[in-house]
Amino acid sequence: MTEGTTSAAAEGADILTRLEQEGEIAADYLEGLLDIADLDGDIDMDVEADRASVSIISDSKSRDLQKLVGRDGEVLEALQELTRLAVHRETGDRSRLMLDIAGYRAGKRAELSELGAEAAAEAKSSGESVRLQPMTPFERKVVHDAVKAAGLRSESEGEEPERFVVVLPA
């Protein structure tokens, strides 16, 4: 191994360690929240796409965790920001942690990937740009990735909270 390869590997290990630490801090914070709310749930931690990923899952069929998702994921978004702030307080670094509760984001990701693929197909066949409805940053990212996978380009336009994706023809 060359010196550059060794330092790149060490840097990658440092990043992975930092992301795992973010996940552990987030898990501790969320476990405390579940205890306070008297809700049952298991915490699953992972590192995906250079960011910590934490999921709260439940074996029971109760809809208790849905309270933490809220209407259209609004409570989930707020909890994600609070969890990021808890990580920031402990580490001093800005966190890009992703939080999923009861599989909400995973389901939303599949739905949005399909929407992005359909919009790309429409833009290819019509030769016209396709404008989608306003979305959250997470939703736009998933659609951009799906459009890119379909071989087209997309961009975000507008101002929050009315920012939306435009799929561009080839």
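Contact here means heavy atoms within 4.5 Å. This is a predicted model, in which local features need pLDDT of at least 70 and side-chain atom pairs count only at pLDDT 80 or more, while totals for chains, interfaces and linings use all residues. Residues are numbered from 1 along each chain as its sequence is written, and side-chain values use heavy atoms, with hydrogens and water left out.

Leaving aside neighbours within four places in sequence, I56 is in contact with L30, L34, G41, D42, I43, L65, L99, D100, I101 and A102. I56 is also, with L68, L99 and I101, among the residues that touch the most other members of the largest nonpolar core, which has 17 residues. Such a core is a set of buried Ala, Val, Leu, Ile, Met, Phe, Trp, Tyr and Cys residues joined through side-chain atoms within 4.5 Å, where buried means under 20% relative accessible area, exposed over 50% and partly exposed in between, with a 1.4 Å probe and protein chains only. At least two residues of this core come from each of α1 (3-37), β2 (51-57), α2 (66-69), α3 (74-91) and β3 (98-101), and the largest share, 4 residues, is from α1. These elements are DSSP runs numbered from the N terminus, helices being H or I of at least four residues and strands E of at least two.

Next come the open spaces. A pocket is an open set of points, on a 1 Å grid over the protein atoms alone, where a 1.4 Å probe fits and protein lies on both sides within 12 Å along at least five of seven lines; its lining residues have an atom within 4 Å of a point. The largest pocket holds about 640 Å³ of space, and of its 26 lining residues R51, M98, R109, F138 and K141 are the closest to its centre. Helix α5 gives the largest share of that lining, 5 residues.

Finally, the charged pairs. A salt bridge puts a side-chain nitrogen of Lys or Arg within 4 Å of a carboxyl oxygen of Asp or Glu, and the whole structure has 12 of them. In one, the closest N and O atoms of E77 and R105 are 3.2 Å apart; because E77 lies in helix α3 and R105 in helix α4, this pair ties together parts that are 28 residues apart in sequence. E77 is partly exposed at 26% relative accessible area, whereas R105, at 3%, counts as buried. K141 bridges to D145 at 2.9 Å between the closest N and O atoms, both lying in helix α5, 4 residues apart, about one turn of the helix.

Key
Grid points are joined across faces, edges and corners, and a volume is the space filled by probe spheres set on the points.
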